[in-house]
Structures are given as structure tokens and as C-alpha cells.
Amino acid sequence: MHPRDQTIFALSSGRAPSAIAVVRVSGSQAVRVLTRLAGRQPAPRQASRRLLRDGAGQPIDDAVVLWFPGPASATGEDVAEFHVHGGRAVLAALLADISTIPNTRAAEPGEFTRRAFENGKLDLTEAEGLDDLIHADTDRQRRQALRQLQGLLGDRARDWRERIIEASALIEAGIDFSDEGDVPAELMAPAVRAIQALYDEISKVLAAQGQAERLRDGLVVAIAGEPNVGKSTLINQLARRDVAIVSPHAGTTRDVIEVQLDLDGYPVTVIDTAGIRETNDPVEQEGVRRARARAGDADLVLWLVEGGQAVDPEAMRSLRRSGDGAVSPGGLVWIVRNKIDLGGREDPVPPGEFPISASRGDGIPELVEALVMFAANFFGTTEGALVTRARQRDLLRQASDSLRRSLELVEEGEELAAEELRAAAYSLGRLLGRVDVEDVLGAIFQKFCIGK
């Protein structure tokens, strides 16, 4: 039997031990699994309490079972769910017994969702939204992913594709009746208006995309500076926990330390880097190299100096150098003056710089507030964003380009314009996952967790 025809099962809830665990089964053998374990088949979509027994008749657990006959199920296939106590021994016994039933096997990552996609329960944009929802760390990421899961882009793409097909039908009808006087002209005029309207809509969507794609990955902020200026203390303050070793000895941080933060719903990755200085220690040299590279790739660099210390512009310019030694521009750089509690600076802090005491917490709220404002400007307005992935943007741009070319070719020949419309419809079909997407399915669904 082909693997896609086999019945799959997996733990679909959190890692054991837990109060309750959900084991999901999907496929033609789901009813057999259910009746063998639960004794009889319950009513569809009604929770039933059952004593689960293994193939030898020995009890496994007192559980709640659910039965969803296909196609009215999450995957479009017959689905059974077992809500059991979440102990490791209970799950081990249950999963081991299911695996003894012929033509059943453990699910691969994302296989439940892939079967739902293949059975028409959701399109590829909705599957991508589900993946983003699972991995959302902040509320803004959650809201954006939920909009995609609810079909924000998929519904629009289906509407666009249907309208392209209608316009294409008008043009091709004009080709068929080309020998009947004014019939082609009567058909071409509404077709051209429809194509122009579609091109304007899709172009507007592409032009309105700000940083919605970046919201999935988040803003990257690097803390950099010379050794022993308080970089590790600052990242501990921002994280509100000890994530980096703090020591009075220079060169303590040898590698890059990353912390994921939620700043007012914006995902921010803060990086603590090794102190940038010249050194003969090969391990520290590698740490400095990595620090320069990561800081150069960051969207924002917090360059730390001690309160009364002058800023070394050459050290800042060395954050990232290309292979030929030329300085490559990275993100913006903010000067953060640490250790203001120790004194040593009589002049006021210049505008645009941030005075803090990483050890006491002075100035940290103001710095965080500035980071939130920077993130808000960086991501822009994402509430109405349709496009959240590069794949989606590229296919929409291909569709838009095909529509533009079809408008340019109308005067040269209806056949050429019709061919461009077919290309536009094909691009939107790929966006939805309905044509020629086998090459991207594995890359998308393998990122899901097992049981989803």
C-alpha cells in the first residue's frame, strides 16, 4: 500500500507528561482503530467516554473518544481522536497498540495538514498561515497568521483567478468568431476592462506590502562595543533574566548569544556579541569575527560605550567588512552610554544617544520605549497585509507582470494576450497550491510539528 493510502497516527498535543493528551488517527483504518480500542463506534462528532483496551483486552486508559467520518473532518478522511491522560506510559501503550493494526503508521511532520490540503480542506496560503500560527511568538504575529489561515489572501487569489479565466474566455471567444465582423470588438472591450482592473488591484496589493514578511522573522537588534562595557548586563536587563555570563574580566563573551523578546507584540531578537578589539587569542578572534558579521547583518546596532568614553568611529565602521576589506553598511547604529551611575561625564548626553546604567536599570525603560517605536516604524502597518511570504509575493508579481503584458499585446494579437492570461491564472493557481507545486510542498510541510 502506498504511504499516502496508509492510516496515520500521532500525538497531536503537547509533550508528555501533561494533564490531557490528544492522539489523532486519520485514514481508512481509523474506524477499525477506534472500534478495537473503544469497543464500539461512537456517534459522529459527539464526545464519548470509553475504557480503551489493547489487542489482548488489557485496559490502557479511561478516555474520551471522538469520531469524525470523512469528508466532514479536518483532513477530509475518516478521523478518530483519543483524549487520554497525558502520562508517558499511557501514550506509549496507546501508540504501540495502534501501530500493530495493519496499514497504520506514525505520521510524518505536517502530514495531517498536507492531507487536509490534498483533500481540498485548505489551500496553500491557509496552510502557510497555519504554520505561522503554530510558530507565532507575539500577538501581532498571531493576528497576522490567523488572517492568512482564515483565507485573507486565498479568497482574493481565487476571485482574481476566476476573473482572469472569464476575461480569457472572452478573448478566446473573440478569436473563435474573428471572421464575424464586429463580434471580436464587442468581446475584447469588456475583457480589456477586466484585465486592467485586475492588474490595478494586484499592483496595489504588491505596492502596499510593507514589512509583513519581516514580522514572521522579527527585528534583529545587536548589542556591540568594546570589551567590558556592559553588553551582557544590558541583554540580561532586556531579557529580565540571566542569559549571559557577567564578569569584570574582558573577553568573557566568546560567542553570539540570542534572546527572543516580545516588545508590545513585535518580535525582536537581541544579540549579545563578543567585545570588539584586537586580540591574539584564536578563540576570541573568532568571537570578534562573528560579532562583526552579526552586527553588520542586524537591523539595529546598540553600540555601548562607558559614560565618559569617546566613541571610536573606526571600531564602529569595522562591524562588517567585505572580502576585499571595504566596509559594508549594516543597519542603523544607536550610541548607548552605559555606567552613568559611576559618573565621569560632566557634559550632557548628546541628542540621539541613550544614557543607561545596565547594572541598576537606569534608562532601561526609555531605551525599551525607543526600541518599541523603532519596531513600529520598521514593520509599518501590517494589519491589512495580504502577502506574508516571499513565495506569495513572487507569484503575485508574476501574475501582475503577465496581466501587464497581456494589456500590451492586445493590439498585436488576441492569441498572445490570451497566452499571457493563461500564465497569470497559472501563477495564481501555484499561489493557492492547485497546480504544479509538488516541489514546494515538502519544504513547507516538513517544518510543521508531528501531529499537525
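Helices here are DSSP runs of H or I with at least four residues, strands are runs of E with at least two, and both are numbered from the N terminus. The model is predicted: local features need pLDDT of at least 70, side-chain atom pairs count only at pLDDT 80 or more, and totals for chains, interfaces and linings use all residues. Residues are numbered from 1 along each chain as its sequence is written, and side-chain values use heavy atoms, with hydrogens and water left out.

Colour α9 by accessibility. Eight of its nine residues are buried, where buried means under 20% relative accessible area, exposed over 50%, and partly exposed in between (1.4 Å probe, protein chains only). The buried ones are K231, S232, T233, L234, I235, N236, L238 and A239. After the helix comes R240, with a positive phi near 60°.

Now select L234. Leaving aside neighbours within four places in sequence, L234 is in contact (heavy atoms within 4.5 Å) with I223, L302, L304, I356, A358, I364 and L367. L234 also belongs to the largest nonpolar core, which has 32 residues; such a core is a set of buried Ala, Val, Leu, Ile, Met, Phe, Trp, Tyr and Cys residues joined through side-chain atoms within 4.5 Å. The residues with the most contacts inside this core are L219, I223, L234, L261, L302 and W334. At least two core residues come from each of β7, α9, β8, β9, β10, β11 (332-338) and α12. Helix α12 gives the largest share, nine residues. Another core, of 28 residues, lies apart from this one and has I164, L386, V410 and L428 among its members.

Next, show the strands. Six of them form an open sheet with mixed pairing, in the order β8-β9-β7-β10-β11-β12. Two strands count as paired if DSSP finds at least two bridges between them. The edges are β8 and β12 (354-355); each has a single partner strand, so one side of each has no neighbour in the sheet. Strands β8 and β9 are antiparallel to each other, with seven bridges, and Q260 is found opposite T269 of β9.

Which residues make up the aromatic cluster? Select Y266, W334, F354, F374, F378 and F379. Rings of Phe, Tyr and Trp (its six-membered ring) pair if their centres lie within 6.5 Å; planes under 30 degrees apart count as stacked, over 60 as edge-to-face and the rest as tilted. The whole structure has five aromatic pairs. One of them, Y266 with F379, is stacked, at 5.6 Å centre to centre and 5° between the planes. Because Y266 is in strand β9 and F379 in helix α12, this pair ties together parts 113 residues apart in sequence. Both Y266 and F379 are buried.

A charge sits over a ring if NZ of Lys or CZ of Arg is within 6 Å of the ring centre and within 35 degrees of the ring normal. For another case, go to F112: the charged end of R24 is over its ring, 5.6 Å from the centre.

Finish at D97 in helix α2 (residues 88-99). D97 is buried, with a relative accessible area of 8%. Its side chain makes a polar contact with that of R36 at 2.9 Å; the term covers a pair of N or O atoms within 3.5 Å, where within protein one must be able to donate a hydrogen and the other to accept it, and residues adjacent in sequence count only if both atoms are side-chain atoms.
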